[in-house]
Amino acid sequence: MEKEAGRIMSKIADRDFVIVLAIEGQEWSSEEFAKKLADATLRGFSNITFIIGGSLGLAPQVKKRANLLMSFGRLTLPHQLMRLVLVEQIYRAFMIQEGSPYHK
């Protein structure tokens, strides 16, 4: 986990808004998630970085760097599936922000 933490931390810029996916994170509705992303951009963050932990979880220093800890529930999902779920939720968040009917 320490090696992985070093690699992850080396990719995060000081000005990045970091959302870590962690089982102990907060769960939000799609509308709440859309608002979190909108709030981050309104606060001047131009880069939003999402971090998905490995099968062993994430080192404490990675979680500490997070601006938000987010959870998709207590389920364990493979990385490939979690990335797909996350990308769909990001797309949905932007559709909510623009008032698109995609969300419903």
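Colleague: Leaving aside its neighbours within four places in sequence, which residues is F72 in contact with?

Modeller: This is a predicted model, and in it F72, once its neighbours within four places in sequence are set aside, is in contact with L21, M82, V85, L86 and Q89.

Colleague: What separates the C-alpha atoms of F72 and E27?

Modeller: The C-alpha atoms of F72 and E27 are separated by 6.1 Å, although the two residues are 45 residues apart along the chain.

Colleague: Switching to helices, how do the axes of α2 and α4 cross?

Modeller: The axes of helix α2 (residues 30-42) and α4 come within 8 Å and cross at roughly 80°, which means that α2 is roughly perpendicular to α4.

Colleague: Which residues meet there, and how does the contact of α2 with α4 divide by class?

Modeller: From α2, the residues S30, E31, F33, A34, L37 and A38 meet Q89, I90, R92, A93, I96 and Q97 in α4, and by class the contact has 7 nonpolar, 3 polar and 2 charged residues.

Colleague: What about K36, where does that one lie and what is it in contact with, leaving aside neighbours within four places in sequence?

Modeller: K36 lies in helix α2, and apart from its neighbours within four places in sequence it is in contact with W28 and L68.

Colleague: New topic, how many aromatic pairs does the structure hold?

Modeller: The structure holds 3 aromatic pairs. One of them joins Y91 and Y102, whose ring centres are 4.9 Å apart and whose planes stand at 85°, so the pair is edge-to-face.

Colleague: Which parts of the chain does that pair link?

Modeller: The pair links distant parts of the chain, with Y91 in helix α4 (residues 79-97) and Y102 in the segment after α4, 11 residues apart. Y91 counts as partly exposed at 42% relative accessibility, and Y102 is partly exposed too, with a relative accessible area of 35%.

Colleague: And what lies over the face of F45?

Modeller: That is R15, which lies over the face of F45 at 5.2 Å from the ring centre.

Technical notes. Residues are numbered from 1 along each chain as its sequence is written. This is a predicted model: local features need pLDDT of at least 70, side-chain atom pairs count only at pLDDT 80 or more; totals for chains, interfaces and linings use all residues. Side-chain values use heavy atoms; hydrogens and water are left out. Rings of Phe, Tyr and Trp (its six-membered ring) pair if their centres lie within 6.5 Å; planes under 30 degrees apart count as stacked, over 60 as edge-to-face and the rest as tilted. Helices (H or I, at least four residues) and strands (E, at least two) are DSSP runs, numbered from the N terminus. Buried means under 20% relative accessible area, exposed over 50%, partly exposed in between (1.4 Å probe, protein chains only). A charge sits over a ring if NZ of Lys or CZ of Arg is within 6 Å of the ring centre and within 35 degrees of the ring normal. Axes are lines fitted to C-alpha atoms, for helices over the stretch in contact, and angles run from 0 to 180 degrees between N-to-C directions. Angles under 35 degrees count as roughly parallel, over 145 as roughly antiparallel, 65 to 115 as roughly perpendicular and the rest as oblique. Contact means heavy atoms within 4.5 Å. Ala, Val, Leu, Ile, Met, Phe, Trp, Tyr, Cys and Pro count as nonpolar, Asp, Glu, Lys and Arg as charged, and the others, Gly among them, as polar.
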